[in-house]
There are 2 protein chains.
Amino acid sequence: MMKKYTIKDIAQLAGVSKGTIDRVIHNRGNVAKDVEDKVKQLLADIDYQPNLIARNLKNNRIYQIGALLPDPKKDAYWEVCSDGIQQALSEFSAFDIRLNTFLFDPTDTKSFMEHHELLLDSAPDMILMVPLFYKEAKTVLEHYKALNIQVCTFNNQIDASIASFIGQDLYQSGRVAAKLMHSIIDKGDMAIIHIDEKYKNAVHMQEKEKGFKSYFDDLDGFTDDILKCKIRYTETEDKLRDFLKDHPNLTGIFVTNSKAFHVARLLESENKGHIKLVGYDLLSENVHYLKDGVIDFLIHQNPRQQAYLGLKFLIENLVFEKDIPGKHLLPIDIINSENVTPFLRA
Amino acid sequence: MMKKYTIKDIAQLAGVSKGTIDRVIHNRGNVAKDVEDKVKQLLADIDYQPNLIARNLKNNRIYQIGALLPDPKKDAYWEVCSDGIQQALSEFSAFDIRLNTFLFDPTDTKSFMEHHELLLDSAPDMILMVPLFYKEAKTVLEHYKALNIQVCTFNNQIDASIASFIGQDLYQSGRVAAKLMHSIIDKGDMAIIHIDEKYKNAVHMQEKEKGFKSYFDDLDGFTDDILKCKIRYTETEDKLRDFLKDHPNLTGIFVTNSKAFHVARLLESENKGHIKLVGYDLLSENVHYLKDGVIDFLIHQNPRQQAYLGLKFLIENLVFEKDIPGKHLLPIDIINSENVTPFLRA
DNA sequence: TCATAAATTGTGCTCGAACACAGTAATGCG
DNA sequence: CGCATTACTGTGTTCGAGCACAATTTATGA
């Protein structure tokens with residue numbers, strides 16, 4: 001039963017004062033070589049761990065964290081992020097963490113850049129952000145790096161070398177969707193549907209598509225068609241209806257983001273409930289169609305947990321000097337009508 | 001931008017000394033009625049939150065926690081618990097938490113009681129336990145309650161009123177299994193297989209069975225048979241082989257605990273790979289058959305997370321006086337061959 | 001009225017780490 | 001040798017909450 005050593009204990013053991021121990025621990029110099037060696041050896045021998053509580057008692061500075069996030073009013077997918085952020089803040093309420101949140105329009109790169117400027121003006125110690133637009137995010141992240149500001153990104157990955165990332169392996173999540181689809185459909189055509197403003201900037205949707213296709217490529221003797229359809233958000237309904245009309249043999253549809261409910265709505269109104277549907281995220285409309293049986297599976301990207309972990313990593317680095325993992329992959333949760341409920345609670 | 005108030009600030013605001021504030025906060029009496037009211041009002045107005053760091057600095061006692069857990073050497077299901085426990089301990093390494101672990105044989109109620117006695121002798125402040133055997137656990141829990149020792153149970157629930165519980169809704173997890181099975185099987189017979197020493201004491205397996213059946217009961221016009229088969233652990237293979245022979249129309253099997261790999265092994269060797277198989281837990285053998293396609297889905301009960309949360313709740317109650325939730329339900333994770341990997345990492 | 005008890009309030013120390021600053025010993029240089 | 005400079009070491013205060021105890025005010029009774 002090992003005792004917990006304090007600086008005072010070590011000072012006594014080494015026959016010096018606690019000031020000297022402190023100088024050794026923090027390499028602040030002004031210590032005789034032989035004493036330093038002796039103390040260092042002692043510290044190693046007893047595996048000294050400083051009391052983080054006492055350390056932070058003195059360190060009562062106010063930490064400023066900036067958050068650059070998509071506006072949930074523009075896309076409900078982002079709504080739950082604030083829950084995760086609140087959870088992290090309350091968990092570390094013992095410390096004085098000030099969070100400045102800047103919400104940008106997820107359909108507008110200009111809005112992203114504008115709010116980035118505002119964020120910079122707020123002089124944050126660290127930054128939490130969703131790098132939604134590849135090109136702009138890369139520029140911004142390089143800017144932060146030059147300023148030596150630690151950044152945590154989540155939801156989609158830009159560049160492993162430039163900022164810490166929390167999220168799912170999107171390629172693999174495409175494979176999960178494919179596996180699910182494969183297990184529930186009979187023979188027939190399958191379609192991948194992308195519903196968004198700008199497909200080209202949305203690397204995450206392309207990754208999911210690649211993963212989805214790779215699964216079927218790996219199957220021996222699988223030759224059915226995988227169709228592809230890109231739809232801009234504003235023209236969703238008409239385009240979708242045309243697409244369904246053009247492909248009467250469809251038996252399965254994979255929607256690569258949280259917009260599966262648009263497809264579900266149409267399938268229901270056109271009595272095409274036999275078409276299997278796999279999509280993403282627990283938006284209330286998606287959950288509704290999941291419970292109704294129109295959507296068969298949803299993959300949960302858990303933006304709430306992503307935001308929570310991102311903020312937690314930043315705070316733990318600030319107050320405990322913990323390392324921030326370069327990449328933290330969340331599990332890919334499979335949701336059906338029976339297990340959805342516990343995932344909805346905050 | 002609200003300031004963080006300390007006891008000193010409040011003392012100044014109220015025009016009294018910090019000692020008086022402290023007496024009011026802790027209801028230690030010896031405060032004039034009018035002063036007490038005034039200070040209480042002030043505390044409420046500014047929503048005073050004590051600095052937990054400073055509070056615990058003084059409170060440097062050693063906390064003893066006892067753990068009564070199944071021996072992982074007897075059942076690999078329990079192996080990952082120690083990871084979760086280690087994680088909780090390292091997260092709270094700033095506090096002096098001593099954990100005494102007592103491992104009992106999960107097939108032997110006598111072993112459970114013996115180790116319970118040993119646990120009591122160690123004079124724990126709090127207890128973490130897996131109440132594997134209903135009758136014995138109930139006795140033991142009442143004993144702890146009489147001694148006023150806080151207990152966290154996980155994996156299976158005994159009695160909501162008697163101890164805190166962390167785990168899955170087992171009835172609902174049976175329904176999840178049923179929904180999965182329903183989505184992947186064609187017409188044909190289904191079987192629920194229980195593989196364990198003592199079925200009667202294993203309420204959790206009965207709950208899963210009830211949930212599974214209830215799903216199909218809710219379906220209109222579903223009339224196929226749901227067979228049932230209880231197998232003792234020692235006689236698994238022969239009994240299983242007979243059962244398969246007796247029911248040649250089987251298309252789906254649901255195994256109610258982590259022993260699905262026994263069935264998978266047999267299905268593979270008898271070339272009955274077309275029979276769909278749904279089971280529980282990410283034991284390495286299960287994962288192997290999942291990747292091979294013999295097992296279609298596994299439900300992840302996440303014993304690692306259960307143990308982690310249980311210990312975390314206990315510690316947070318000890319050091320932060322946080323409330324322990326009476327019941328904490330974990331999500332019911334659906335696992336297939338494509339999303340299993342991230343769930344395996346510690 | 002005054003002594004004394006009772007009620008109320010203030011002061012000062014503790015926890016462990018961090019750090020400023022005071023204090024002491026060793027060395028250099030004229 | 002003596003004084004200054006460097007090299008090293010020890011002391012004391014701070015952070016916020018908690019608590020023991022001292023100090024003060026108020027009430028009570030002879």
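**A buried leucine and a DNA-facing surface**

In this predicted model, Leu250(B) sits in strand β8 of chain B, which spans residues 250-255; strands here are DSSP runs of E with at least two residues, helices are runs of H or I with at least four, and both are numbered from the N terminus. Leu250(B) is buried, with a relative accessible area of 2% (buried means under 20%, exposed over 50% and partly exposed in between, with a 1.4 Å probe and protein chains only). Apart from neighbours within four places in sequence, the contacts of Leu250(B) include Leu227(B), Phe243(B) and Ile275(B), where contact means heavy atoms within 4.5 Å. Tyr233(B), 17 residues from Leu250(B) in sequence, is 22 Å away in space, C-alpha to C-alpha.

Attention now turns to the DNA. Around DNA strand C there are 26 residues, of which Ile7(A), Lys18(A), Tyr48(A), Arg55(A) and Ser17(B) come nearest; a residue is near a strand if one of its heavy atoms lies within 4 Å of it. Of the atoms of DNA strand C that come within 4 Å of the protein, 60% belong to sugar and phosphate.

Phosphate oxygens of DNA strand C lie 3.2 Å from a side-chain N or O atom of His26(A) and 3.3 Å from one of Thr20(B). Helices α2 (18-25) and α4 (52-58) of chain A, and α2 (18-25) and α4 (52-58) of chain B, each give two or more residues to the surface near DNA strand C.

Residues are numbered from 1 along each chain as its sequence is written, and chains are lettered from A in the order in which they are written. Local features need pLDDT of at least 70, side-chain atom pairs count only at pLDDT 80 or more, and totals for chains, interfaces and linings use all residues, while side-chain values use heavy atoms, without hydrogens or water.

How values were computed. A polar contact is a pair of N or O atoms within 3.5 Å; within protein, one must be able to donate a hydrogen and the other to accept it, and residues adjacent in sequence count only if both atoms are side-chain atoms.
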